[in-house]
Amino acid sequence: MSTRTDMTPDGCPLTFGQRVRRVRERNGQTRAVVGGLVGRSAEWVKAIENGRLKTPRLPLLLRLADVLGVDDISELTGDERGLATTHTKSAHAALSAVRDALTTYQLNDRDERPDVAAHLLGRVREAWSLWHGAGEHRTRVAAVLPDLLGDLQHATRSLIGADRRRVLVGLAETYHLAQLYLSFQPAPELVFLTGDRSMSAAQDADSPRAMASAAWYMNHVFRDAGERHEARVDLAMRAAHLLKPENSAEDLARWGLLHLAAALSYAKIGQRGNAERFWDLADDAAKRLGDGYAHPYLIFGRGMVDAYAVTMYADLVRGRDAVDAAHGADLAPMPSATRRSFHTIESARAYSLQGEHVAVVHLLKKALDISPETARYNVFARATVTELAGSPSRVIRDDVRHLAHRLGVQAA
């Protein structure tokens, strides 16, 4: 059933092109940026929006939906049965258990005393180690999230004073973990829920560092929800102003992370100057922390800043710059298999802008070996393998079929 926002002023349903234009303008993206990210020109986007070209075939439609940050293809096509998540996002086996843990409210206090704060925070650290470790990180984290969330929530209702504030910080960090678990899953409403709850817990703890971390993760929520870049940058900078980067590595790492968030927000809308300016500030923070530094769970440091330069230039549709950045990024020391895999996939995205399909396939295979579940649930990886399955190139044909099998997508 159409709503008023799905209709033109004269009462006609919006066309596919009009819907694309509405989402693109809401995001603050130019036609050149959108076209470049899907491997087409600005004129192609204009032709789509003006109705001169029809709805593209499924692989390209999925790529367009991903670039526009659309989870439900019906937002573009008007067909409520066509979910992008059906085609690009595979649900993890434990998703329903995590959903239940997030949406079940304990209205009656438990009879037992809460665990001591130090032990609870130790369990939070262990959960982060599971996330960043090699192997099936989503599966391992999903096994501990429900009980950990429940115990932390119980403790925040039972403890007082400094212990309660410490547990609230741990609860905020656990919501970050839940948000990461939910990324690339068909549950966008839960991503927003966890982002909002993590910020609320950080504010209740009155912890500038926790609020800074929550602002980094809320930037991802805002981006996926189509929130304009001004709101994302404003949130990051307001959180950064709470910190004292000159006093501690903890504050400096979060300060650098928030400037990295601003750089990525500007890159998404094609503002190269602002993107590079904020990346330079994050780069300066990484230099001040030293080459050997990486935050224990946020992983901010030299490797992360260099790796996100690849993402920044890929989002700016500067393929050669993105490839050059990929050449200069050393992912090996990064103490997180999930991050190494993700940034390897981003390097594949850089090479895809240059049409270097052999490199793309090689890097996707490497990312899959580093962290199978990171690659398996990545939209770019799945959509790209689906698209390359139709390539006539015999050089990559067998590798693409192997990738498709391991990723669980269809190949010709």
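**Notebook: rings, a pocket and some loops**

I began with arginine 40, whose charged end sits over the ring of tryptophan 44, 6.0 Å from the ring centre. I counted a charge as over a ring if NZ of Lys or CZ of Arg is within 6 Å of the ring centre and within 35 degrees of the ring normal. This is a predicted model, so I note that local features need pLDDT of at least 70 and side-chain atom pairs pLDDT 80 or more, while totals for chains, interfaces and linings use all residues. Residues are numbered from 1 along each chain as its sequence is written, and side-chain values use heavy atoms, with hydrogens and water left out.

**Helix α3**

I took helices (H or I, at least four residues) and strands (E, at least two) as DSSP runs, numbered from the N terminus. In helix α3 (residues 42–49) I listed Trp44, Val45, Ala47, Ile48 and Glu49 as the buried residues. Buried means under 20% relative accessible area, exposed over 50%, and partly exposed in between (1.4 Å probe, protein chains only). At the start of α3, I found a side-chain oxygen of serine 41 within 3.4 Å of the backbone nitrogen of glutamate 43. A polar contact here is a pair of N or O atoms within 3.5 Å; within protein, one must be able to donate a hydrogen and the other to accept it, and residues adjacent in sequence count only if both atoms are side-chain atoms. Just after α3, glycine 51 has a positive phi of about 85 degrees.

**Aromatic pairs**

I paired rings of Phe, Tyr and Trp (its six-membered ring) if their centres lie within 6.5 Å; planes under 30 degrees apart are stacked, over 60 edge-to-face, and the rest tilted. The count came to 4 aromatic pairs. Tryptophan 128 and tyrosine 297 make a tilted pair, 4.6 Å centre to centre with 35 degrees between the planes. This pair links distant parts of the chain, 169 residues apart: tryptophan 128 is in helix α8 (residues 117–132), and tyrosine 297 is in the loop between α15 (272–289) and α16 (302–315). Both tryptophan 128 and tyrosine 297 are buried.

Tyrosine 266 and phenylalanine 278 are stacked, at 5.6 Å and 25 degrees. Tyrosine 266 lies in helix α14 (residues 249–268) and phenylalanine 278 in helix α15, so the pair ties together parts 12 residues apart in sequence. Tyrosine 266 is buried at 13% relative accessibility, and phenylalanine 278 is buried at 6%. I also noted that ring pairs link Trp216, Tyr308 and Phe342 into a cluster.

**Second largest pocket**

I looked up the second largest pocket and found 16 lining residues, with Gln153, Arg157, Leu171, Tyr175 and Arg197 nearest its centre. The elements giving two or more residues to this lining are α9 (137–158), α10 (161–182) and α11 (188–205).

**Loops**

Histidine 92 is in the loop between α6 (84–88) and α7 (95–103), and its side chain reaches the backbone nitrogen of alanine 94 at 3.1 Å. Histidine 92 counts as buried at 7% relative accessibility.

In the loop between α11 and α12 (208–224) I checked serine 207. Its side chain reaches the backbone nitrogen of alanine 210 at 3.1 Å, and serine 207 is buried at 15%. Aspartate 206 is in the loop between α11 and α12 and is exposed at 59%. Its phi is near 55 degrees, a positive value in a residue other than glycine.

Definitions and conventions
On a 1 Å grid over the protein atoms alone, a cavity is a set of points where a 1.4 Å probe fits but cannot get out, and a pocket is an open set with protein on both sides within 12 Å along at least five of seven lines; lining residues have an atom within 4 Å of a point.
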